[in-house]
Protein chains: 2
Amino acid sequence: MNYPSALPLAHVRLTRGFLAERARLVRDVVIPYQWEALNDRVPGAEPSGCVHNFQVAAGEKPGKFYGLFWQDSDLAKWIEAASYRLATHPDAALEAELDRLIATLGKAQAADGYLNTYFQLVEPQNRWANLRDCHELYVAGHLIEAGVAHFRATGKRSLLAIVCKLADLIERTFGLGPAQIPGYCGHEEVELALVKLARATGEARYARLAAYFIDQRGREPNYLLAETRRRGEEKLPWHMYFDGLATLQAARPVRELTEPVGHAVRQMYLLAAMADLARDLGDDSLRRACATLWTSIVQRHLYLTGGVGGEPYGEKFTEPFDLPPDRAYAETCAAIGVIFFARRMMEFGLRGEYADVMERALYNNVLSGMSLDGTRFFYVNPLELIPAVAKRRYECHLVKTQRVGWFGCACCPPNLARLFASLGEYLASQLPDGLALHLYAEGELRFTAAGRDVRLAVRTDYPWTETVAIEVCPAQPAEFTLRLRVPGWCRGATTTVNGQPVAAAPVDGYLALGRTWTAGDTVNLTLPMPVERVYADPRVAPVAGRVALQRGPVVYCLEEPDHGDNLAAVALPRTAVLTARAEPGLLGGCVVIEGQGVRTRRSASLYQTEPPATVPQALRAIPYALWANRGEGEMRVWINES
Amino acid sequence: MNYPSALPLAHVRLTRGFLAERARLVRDVVIPYQWEALNDRVPGAEPSGCVHNFQVAAGEKPGKFYGLFWQDSDLAKWIEAASYRLATHPDAALEAELDRLIATLGKAQAADGYLNTYFQLVEPQNRWANLRDCHELYVAGHLIEAGVAHFRATGKRSLLAIVCKLADLIERTFGLGPAQIPGYCGHEEVELALVKLARATGEARYARLAAYFIDQRGREPNYLLAETRRRGEEKLPWHMYFDGLATLQAARPVRELTEPVGHAVRQMYLLAAMADLARDLGDDSLRRACATLWTSIVQRHLYLTGGVGGEPYGEKFTEPFDLPPDRAYAETCAAIGVIFFARRMMEFGLRGEYADVMERALYNNVLSGMSLDGTRFFYVNPLELIPAVAKRRYECHLVKTQRVGWFGCACCPPNLARLFASLGEYLASQLPDGLALHLYAEGELRFTAAGRDVRLAVRTDYPWTETVAIEVCPAQPAEFTLRLRVPGWCRGATTTVNGQPVAAAPVDGYLALGRTWTAGDTVNLTLPMPVERVYADPRVAPVAGRVALQRGPVVYCLEEPDHGDNLAAVALPRTAVLTARAEPGLLGGCVVIEGQGVRTRRSASLYQTEPPATVPQALRAIPYALWANRGEGEMRVWINES
């Protein structure tokens with residue numbers, strides 16, 4: 001194996017700290033809660049119908065389909081998350097529950113392999129008839145991801161067999177052959193799922209099927225356009241108003257894209273699949289396309305919080321640098337998609353910028369998606385909010401001013417669950433000559449190097465403290481290289497091995513420590529975390545003249561409980577001293593940033609010619625990810641600078 | 001007569017200068033062009049169908065109705081504008097054209113007085129059935145305004161008789177009587193029109209009918225809600241998503257409103273009618289409601305350019321201080337509505353703030369609505385534009401980045417035409433003891449004071465120069481008071497009469513010059529116009545930390561032709577010296593504001609921790625009203641301050 005690859009989930013254990021606590025919440029609260037929700041057992045919550053739909057399709061009970069046509073995918077994402085949980089925390093009851101559920105799925109599956117309760121129960125005549133809108137292959141993709149996760153976690157082939165049968169049907173159905181449909185899905189997802197299936201089963205034909213979907217996308221004659229005409233529709237639906245089929249990344253072949261376009265989640269899932277295929281098939285044109293889009297996203301389309309998608313209407317990318325803070329869509333799922341893409345870019349070769357972006361998305365946009373207690377979620381993650389205004393303006397009508405328990409379109413909560421349940425896959429990469437650590441969190445990792453089993457014990461309070469202690473414990477002394485990521489935000493990192501300073505400098509964002517390691521060897525990494533002022537390129541017009549605060553990977557914001565309302569009136573002088581202070585009692589324990597700012601006083605009239613008067617205002621910024629855990633109020637990441 | 005009132009149009013002549021040139025354009029270009037457009041004779045333009053519809057309804061030609069259900073109002077507004085033109089510039093050909101058109105209208109009118117070509121030709125069975133949406137009374141209102149204007153300009157009763165017959169039908173149809181409809185129009189307009197009709201005919205019952213519409217609006221049981229239910233509609237239409245029937249100012253009785261709400265044009269037309277009725281019927285509760293709303297609008301809902309309506313979705317007012325510059329709707333018609341309301345508030349008693357707002361709206365938002373050559377128009381008037389972004393974001397999809405020749409919904413161009421053709425009504429007020437001058441423009445005014453005919457000759461290059469010379473020429477010496485408005489933006493105004501300084505200070509914004517005037521008396525008014533920096537209350541969140549430039553009544557903006565793009569990168573140091581300079585060759589001749597600013601350089605990466613580097617940037621601000629006359633590009637009123 002020449003590429004960096006993730007460790008098996010069972011080999012990574014998070015024990016304590018900021019990420020571990022969120023992972024625990026997902027295991028103990030989110031996954032059980034979602035199971036109740038999917039079974040329509042949460043009092044007061046909108047019914048999901050997910051399990052019900054499969055039971056009806058399986059003939060286990062009478063009834064009608066409930067929900068949206070992609071409803072099955074909510075259950076699939078839950079199975080995936082629950083499987084990851086089994087991998088790290090075996091649980092006989094959960095495993096048995098999954099076995100029963102999978103048996104139902106098996107009964108629900110049609111003889112030819114088809115499995116989609118909406119089309120089986122509601123529109124059997126319209127199978128594959130509206131690929132543009134109906135998410136059939138998207139749903140199949142999530143089922144396939146679930147099957148792979150379940151197989152990997154349990155070794156059982158029950159769900160894997162079901163999804164292979166489904167994938168086989170898809171393989172027979174789609175393609176350029178005479179009796180095949182030359183189409184592809186309006187919502188990418190099946191592509192990356194098929195690569196996972198190919199890896200899990202060793203069947204390269206599934207990767208080739210994914211490659212077909214990728215290659216055919218946007219080709220002339222345009223399949224989705226032909227399909228639209230075949231249905232007699234005169235125009236494309238509302239969400240394609242601005243960008244047409246580019247909303248679905250289907251206006252031209254994917255290798256011709258130079259800027260991200262259209263629906264942000266779809267674009268990110270497409271890029272994840274492209275990166276996977278570039279690697280598995282050695283397709284250099286795909287790799288180049290990924291690199292081009294990576295650069296474009298990072299240089300022109302990424303929110304400071306690691307999110308993407310600046311336009312709620314169509315949940316889309318728009319113009320380069322069009323990143324308004326209050327009208328951000330920055331969907332939780334899209335930031336998860338950024339992590340998927342970054343994780344895969346990393347596999348082309350270690351470069352710190354991939355982990356930097358992954359870390360930025362994780363600690364900010366993604367974590368903002370879930371409340372401190374794991375029971376409520378954001379779909380949209382603005383960088384600025386005035387609740388009364390957001391409730392009155394159309395462009396903010398998808399913004400929730402407080403996290404909510406569930407969504408009619410419940411994509412984000414289970415996506416968060418599967419990410420956090422599989423967080424171990426993002427912490428480190430196995431390399432031919434050792435291991436690379438990307439993210440720092442207290443816990444234990446097991447891997448193999450130079451033929452030896454090695455255990456790493458990491459102790460840290462990252463992202464709050466600057467120090468990471470790593471004990472290296474090979475079963476027997478072994479020569480290998482431990483690569484430690486030195487984050488892009490960090491200047492002046494220092495490292496010691498067994499107390500001896502390391503002189504080497506990081507290369508491409510990683511410090512390579514090659515030696516013969518002996519049990520008990522200890523590496524101490526210090527990552528200085530001064531409070532940083534961050535400025536955006538002035539082409540990000542709405543935040544020109546403003547400043548954001550960051551410490552380590554954590555982006556900060558001002559919130560109303562600490563400052564009163566009208567946060568636009570608050571300014572931070574460029575010369576103000578800013579200090580970081582641990583607040584163990586605040587928001588589950590975090591580090592706040594404090595300093596002396598000013599507040600512009602209200603005017604006597606709406607407009608005045610006198611320069612506005614200011615009064616001192618103590619500032620206390622909190623981590624952005626923790627906002628909206630203290631009631632409804634204003635929030636602001638980009639602060640006026642005076 | 002105890003109230004200040006407008007002079008007859010024929011008694012006011014604008015001869016030269018900024019406003020006169022726009023009025024001339026309206027007379028010579030806009031009104032003739034619109035006549036061609038209304039007759040479907042403009043090659044390449046979308047057909048209007050207006051004249052055609054009336055000819056078909058009159059039986060003069062075969063054919064079908066063309067256009068929207070309020071299409072007749074475009075023609076009505078044109079007749080009104082053309083009539084104003086006749087009043088100031090008699091023109092036998094135009095008068096004959098109007099006579100022919102009015103004859104057609106007469107033939108089109110139903111025996112019972114009904115006149116609305118859409119309902120006559122398309123849905124005769126649905127007369128008055130959907131008052132909420134179908135604008136029938138709104139269209140009637142514009143016909144009535146046209147009839148009054150034509151009568152006043154020509155003395156002919158041809159159109160007046162038609163609209164009286166229509167108003168009589170409305171009077172019979174609507175009301176709380178047993179066989180009457182207890183309804184009112186979803187789009188206010190008929191109310192203010194009926195007051196004009198009452199004044200023109202001396203028939204107080206038309207004012208009472210207007211009062212019925214005002215009083216009944218929003219009362220329980222809610223007529224529009226009952227009507228909605230009667231049609232079996234389950235929910236209100238999309239544009240009422242946020243505010244329900246308040247979108248139409250119909251959620252509660254108008255006297256209970258404390259903040260402006262809903263569709264901005266409708267709110268302003270309603271207020272204009274309320275003010276008229278408060279005056280004509282001596283209704284103090286209505287006057288108080290007007291005063292409350294006036295204060296609320298001026299203190300919390302008015303754009304610096306004098307526009308209103310910060311939300312494109314539903315063309316609405318939203319929250320207090322929610323005045324984003326890039327997402328402004330600030331419809332040309334709404335700013336015209338501000339002028340209508342301000343002009344009427346002035347009639348309760350002179351107070352400079354009414355004329356201040358009227359002048360602000362006129363010189364900025366309203367004039368922005370028309371191109372320098374009078375052939376192209378803005379409907380939406382943002383205070384900030386990045387063309388590429390506006391073309392990609394939904395909340396900007398109604399923004400045009402360049403003025404256009406005509407609109408499918410062509411309300412604004414004819415509204416501009418009727419305002420500029422009747423501009424004389426806004427310059428001055430006849431008072432019992434003399435005259436008050438509100439706006440300064442070169443020309444001549446005739447009025448009566450102390451029983452004498454008086455002619456005022458005004459010489460000025462206002463708003464570009466600070467001096468206004470007024471020659472007072474009574475037919476014989478006469479004792480009366482000339483009141484000169486000293487604008488709210490002006491400090492240190494000085495006045496001389498025949499070279500002698502006047503010591504008196506203005507009261508409520510007007511300087512009262514009472515004396516026995518003799519032909520040739522000359523008043524010289526000097527209104528210092530330094531460049532002013534303007535700051536908004538910090539509750540106008542998007543422009544906190546920014547500054548705007550104003551000189552006299554003129555608001556300025558930066559434009560791309562003078563600065564390149566990315567105007568957000570441009571900042572004005574608070575200490576920069578700003579100078580005004582006449583530019584006779586620029587944009588028809590105007591005064592620009594110049595100074596030394598700075599430009600933030602583009603960053604090497606999207607985000608950086610170094611404070612951004614700046615380079616000097618010479619600034620040249622142009623009058624906002626003249627923007628977008630040099631090709632498509634960025635524009636920005638609120639400039640970052642450094």
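**Figure 1. Domains of chain A in the predicted model.** The domain assignment divides chain A of this predicted model into domain 1 (1-47 + 287-426), domain 2 (432-526) and domain 3 (531-641). Domain 1 of chain A is written as two stretches of sequence, 1-47 and 287-426. Between the C-alpha centres of domain 1 and domain 2 of chain A there are 28 Å. In the contact between these two domains, domain 1 of chain A supplies 23 residues and domain 2 of chain A supplies 26 residues.

**Figure 2. How chain A and chain B are related.** Chain A is superposed on chain B by a rotation of 180 degrees, with 0.0 Å of shift along the axis and an RMSD of 0.0 Å. The two copies are therefore related as by a two-fold rotation axis. Which C-alpha of chain A is nearest the axis? That of A:Glu395, which is 3.0 Å from the axis. Of the interface residues of chain A, 100% are also interface residues in chain B, so the copies meet through the same surface.

**Figure 3. Helix 4 of chain B and its two sides.** Helix 4 of chain B covers residues 92-108. With 1.5 Å a residue, its 17 residues should span 24 Å, and this agrees with the end C-alpha atoms, which are 24 Å apart. The buried residues of this helix are B:Leu94, B:Leu98, B:Leu101, B:Ile102, B:Thr104, B:Leu105 and B:Ala108. They cover an arc of only 155 degrees around the axis, and so they are on the same side of helix 4 of chain B. An α-helix has 3.6 residues a turn, so residues three or four places apart point the same way. On the other side of helix 4 of chain B, the exposed residues are B:Ala92, B:Ala93, B:Arg100 and B:Lys107.

**Figure 4. Surroundings of helix 4 of chain B.** What do the buried residues of helix 4 of chain B pack against? Their partners in chain B are helix 1 (18-38), helix 2 (50-57), helix 3 (72-88), helix 5 (117-121), helix 6 (136-154) and helix 7 (158-173). At the start of helix 4 of chain B, B:Asp91 has a side-chain oxygen within 3.0 Å of the backbone nitrogen of B:Ala93.

**Figure 5. A:Arg279 in helix 11 of chain A.** Helix 11 of chain A, residues 264-280, contains A:Arg279. Is A:Arg279 buried or exposed? Its relative accessible area is 16%, so A:Arg279 is buried, the limit being under 20%. Not counting residues up to four places away in sequence, A:Arg279 touches A:Tyr3, A:Pro4, A:Ser5, A:Arg199, A:Glu347 and A:Phe348.

**Figure 6. A:Arg452 in strand 9 of chain A.** Strand 9 of chain A consists of residues 452-460 and includes A:Arg452. A relative accessible area of 30% makes A:Arg452 partly exposed. With neighbours within four places in sequence left aside, A:Arg452 is in contact with A:Phe447, A:Gln476, A:Pro477 and A:Ala478. The side chains of A:Arg452 and A:Gln476 make a polar contact at 3.0 Å. A:Phe480 is 28 residues from A:Arg452 along the chain, and their C-alpha atoms are separated by 9.7 Å.

**Figure 7. A:His187 in a loop of chain A.** The loop between helix 7 (158-173) and helix 8 (190-201) of chain A holds A:His187. A:His187 has 6% relative accessibility and therefore counts as buried. Leaving aside neighbours within four places in sequence, its contacts are A:His135, A:Tyr138, A:His263, A:Val265, A:Arg266 and A:Tyr269.

Notes:
Residues are numbered from 1 along each chain as its sequence is written. Chains are lettered from A and ligands numbered from 1 in the order in which they are written. This is a predicted model: local features need pLDDT of at least 70, side-chain atom pairs count only at pLDDT 80 or more; totals for chains, interfaces and linings use all residues. Side-chain values use heavy atoms; hydrogens and water are left out. Copies are superposed by least squares on the C-alpha atoms of residues with pLDDT of at least 70 in both. Contact means heavy atoms within 4.5 Å. Helices (H or I, at least four residues) and strands (E, at least two) are DSSP runs, numbered from the N terminus. The expected span of a helix is 1.5 Å times one less than its number of residues. Buried means under 20% relative accessible area, exposed over 50%, partly exposed in between (1.4 Å probe, protein chains only). The arc is that of the directions from the helix axis to the C-beta atoms. A polar contact is a pair of N or O atoms within 3.5 Å; within protein, one must be able to donate a hydrogen and the other to accept it, and residues adjacent in sequence count only if both atoms are side-chain atoms. Domain bounds come from an automatic or database domain assignment.
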